[in-house]
Amino acid sequence: MLAVLKQFINKVFRDIFRKKRHIKLGLYGPPNAGKTTLANKICTDWLGEEMGTVSDIPHETREIQIKEQINIKSNGKELSFNLVDTPGIATKVDFEDFLKSGLNEKEAKKRAKEATKGIVDAIKWLDEMDVVIIVLDATKDPYSQVNITIVGNLQARNIPVMIIANKIDLKKADLKRVESAFPQYPVVGISAKYGTQIEAFYESLFTVAG
């Protein structure tokens, strides 16, 4: 009985969110999957400016970044949202990994501390989201512990989700593997860096966000 009641309440709230003209859209995923690259692509397409800095060193984004009032249009439809780019989620942050990327010990420890705080903040912000886009690196194993952790947190909150299999421009990218890992969610393969399939992403966003 409680489960039925919970499903009913979740549906009511989900319907309310879908009827909202302005939503909060979160970008989540592991480090270096391309969240900020996608955020930059969205912001460049619709605002004419980038959102954040990208880097090959993991955990470049260590604080929540918000770009307000983005309006996208497609085939007569319009969607308005605040875009929230979150720090990469990881189950472990080790400063020695940053040493291997060329940072000195002081920089590495500082980055590890900030990255850990960023992960905690990202999880807290889940409760603020109306819709979440999970950005995954399509060249990597989608069945990782961190990916399963992210999906589990979203399922527990019953938040509408779309999965982006990013970096399909790379030879090792495997879109079907990502689709097989998460059949419960729509999956769109894109290259955020080059804008490949970005129109398909926007179309799917209308469907997921309502």
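One cavity of 30 Å³ or more is counted in this predicted model. The largest cavity holds about 30 Å³ of space, and helix α5 supplies the largest share of its lining, three residues. The largest nonpolar core has 29 residues, and a second, separate core has 25 residues. Confidence averages a pLDDT of 87 over the protein chain.

**Cavity**

- The lining of the largest cavity is made up of Y28, I89, I123, L126, T149, I150 and N153.
- Five residues of this lining are nonpolar, two are polar and none is charged.
- As background, rolling a probe the size of a water molecule over the atoms shows where empty space is left.

**Nonpolar cores**

- In soluble globular proteins, nonpolar side chains tend to be buried together.
- Within the largest nonpolar core, the residues with the most contacts are L38, F81, L83, I133, I164, F201 and L205.
- At least two residues of this core come from each of β1 (22-28), α2 (35-47), β2 (65-74), β3 (77-85), β4 (131-137), β5 and α7.
- Helix α7 gives the largest share of this core, seven residues.
- Leaving out residues up to four places away in sequence, L205 touches L25, I72, L79, F81, I133, M162 and G210.
- The second, separate core includes A90, L154, A165 and V187.

- S204 is buried because its relative accessible area is 19%, and buried means under 20%.
- Apart from residues up to four places away in sequence, S204 touches M162 and V188.
- S204 and V187 are 17 residues apart along the chain, and their C-alpha atoms are separated by 8.9 Å.

**V54 in a loop**

- V54 sits in the loop between α2 and β2.
- V54 has a relative accessible area of 47%, so V54 counts as partly exposed.
- With neighbours within four places in sequence set aside, V54 is in contact with T36, T37, N40 and E60.
- From V54 to E203 the distance is 25 Å, C-alpha to C-alpha, and the two are 149 residues apart in sequence.

**Positive phi angles**

- Most residues other than glycine have a negative phi.
- N158 is not a glycine, yet it has a positive phi of about 55 degrees.
- N158 is placed in the loop between α5 (145-157) and β5 (161-166).
- Because its relative accessibility is 32%, N158 counts as partly exposed.
- Q197 has a positive phi of about 65 degrees, although Q197 is not a glycine either.
- Where in the chain does Q197 lie? Q197 lies in the loop between β6 (187-189) and α7 (198-209).
- The relative accessible area of Q197 is 45%, so this residue is partly exposed.

**Confidence**

- In the protein chain, 90% of the residues score a pLDDT of at least 70.
- Which element has the lowest confidence, and which the highest? The lowest is helix α1 (residues 2-19), at a mean of 55, and the highest is β6, at 98.

Conventions:
Residues numbered from 1 in each chain as written. Predicted model: local features only at pLDDT ≥ 70, side-chain atom pairs only at ≥ 80, totals over all residues. Heavy atoms only, no water. Helix = DSSP H or I, 4+ residues; strand = E, 2+ residues; numbered from the N terminus. Buried < 20%, exposed > 50% of the residue type's maximum accessible area, 1.4 Å probe, protein only. pLDDT = per-residue confidence, 0-100. Core = buried A, V, L, I, M, F, W, Y, C linked by side-chain atoms within 4.5 Å. Contact = heavy atoms within 4.5 Å. 1 Å grid on protein atoms, 1.4 Å probe; cavity = no way out; pocket = protein on both sides within 12 Å on 5 of 7 lines; lining within 4 Å. Points joined across faces, edges and corners; volume = space filled by probe spheres on them. Nonpolar A, V, L, I, M, F, W, Y, C, P; charged D, E, K, R; others polar.
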